[in-house]
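Here are my notes on the model you sent over.

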Amino acid sequence: MRSESSVRSKRSESNGHSISIANPYGVPVAYENVPDSEFGDALRRFYNRAMEHPNTVIVLDGVTQTRNSFIEFVREFNHCAGRAAA
């Protein structure tokens, strides 16, 4: 199991994010590496895919999330991004 600091240092080296969505059997359906500047757009794309497929899991920067926890994460992200832009 990776420590939080090793995950953080790996992320800072790559200077971006990885997002993937997999079916219930763990087979990847879609995968993207995105720079920080495109992270919000990528989250929205994967949010739309997750909404269409109820039994998926999402892996965001190496952390596996259920569909529902990912949907809540994107809602919070959009809320915070909207407040920051205002």
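1. What share of the contacts between residues at least 6 apart in sequence join residues at least 24 apart? In this protein chain the figure comes to 42%. Keep in mind that we're looking at a predicted model.

2. The overall layout, then. The chain has 3 helices and 4 strands, and going along the sequence they come in the order α-β-β-α-β-β-α. Of the 86 residues, 30% are buried. The accessible surface is about 5,800 Å², with carbon and sulfur atoms accounting for 53% of that.

3. Next, the inside. In soluble globular proteins, nonpolar side chains tend to be buried together. Here the largest nonpolar core counts 15 residues, and those with the most contacts inside it are Ile19, Ile21, Phe39, Leu43, Phe46, Ile58 and Phe70. At least two core residues each come from strand E1 (16-22), strand E2 (28-35), helix H2 (39-52), strand E3 (57-60) and helix H3 (67-85). H2 gives the largest share, with 6 residues.

4. Leaving out residues up to four places away in sequence, Ile58 touches Ile19, Ser20, Ile21, Ala50, Val63, Thr64, Gln65, Thr66, Arg67 and Phe70. Which way does its side chain point?

5. Now for E3's strand partners. E3 and E1 pair antiparallel through 4 bridges, and Ile19 has Leu60 of E3 as its bridge partner. E3 also runs antiparallel to strand E4 (residues 63-66), again with 4 bridges joining the two.

6. On to the rings: how many aromatic pairs does a search of the whole structure find? It turns up 2. One is Phe39 with Phe77, which counts as edge-to-face because the planes are at 90°, with the ring centres 5.5 Å apart. Phe39 belongs to helix H2 and Phe77 to helix H3, so this pair ties together parts 38 residues apart in sequence. As for cover, Phe39 is buried, with a relative accessible area of 9%, whereas Phe77 is partly exposed at 25%.

7. The other pair is Phe73 with Phe77, and it is tilted, at 6.5 Å centre to centre with 35° between the planes. These two residues are 4 apart in helix H3, so about one helical turn separates them. Phe73 is partly exposed, because its relative accessible area of 32% lies between the 20% and 50% cut-offs. Taken together, Phe39, Phe73 and Phe77 make up one aromatic cluster.

8. The charged end of Arg49 sits over the ring of Phe46, at 4.9 Å from the ring centre. Phe46 is also among the residues with the most contacts inside the largest nonpolar core.

Note on methods
Residues numbered from 1 in each chain as written. Predicted model: local features only at pLDDT ≥ 70, side-chain atom pairs only at ≥ 80, totals over all residues. Heavy atoms only, no water. Core = buried A, V, L, I, M, F, W, Y, C linked by side-chain atoms within 4.5 Å. Buried < 20%, exposed > 50% of the residue type's maximum accessible area, 1.4 Å probe, protein only. Contact = heavy atoms within 4.5 Å. Areas by Shrake-Rupley, 256 points an atom, 1.4 Å probe, with all protein chains shown as cover. Phe/Tyr/Trp six-rings, centres within 6.5 Å; stacked < 30°, edge-to-face > 60°. Lys NZ or Arg CZ within 6 Å of the ring centre and 35° of its normal. Pairing = 2+ DSSP bridges.
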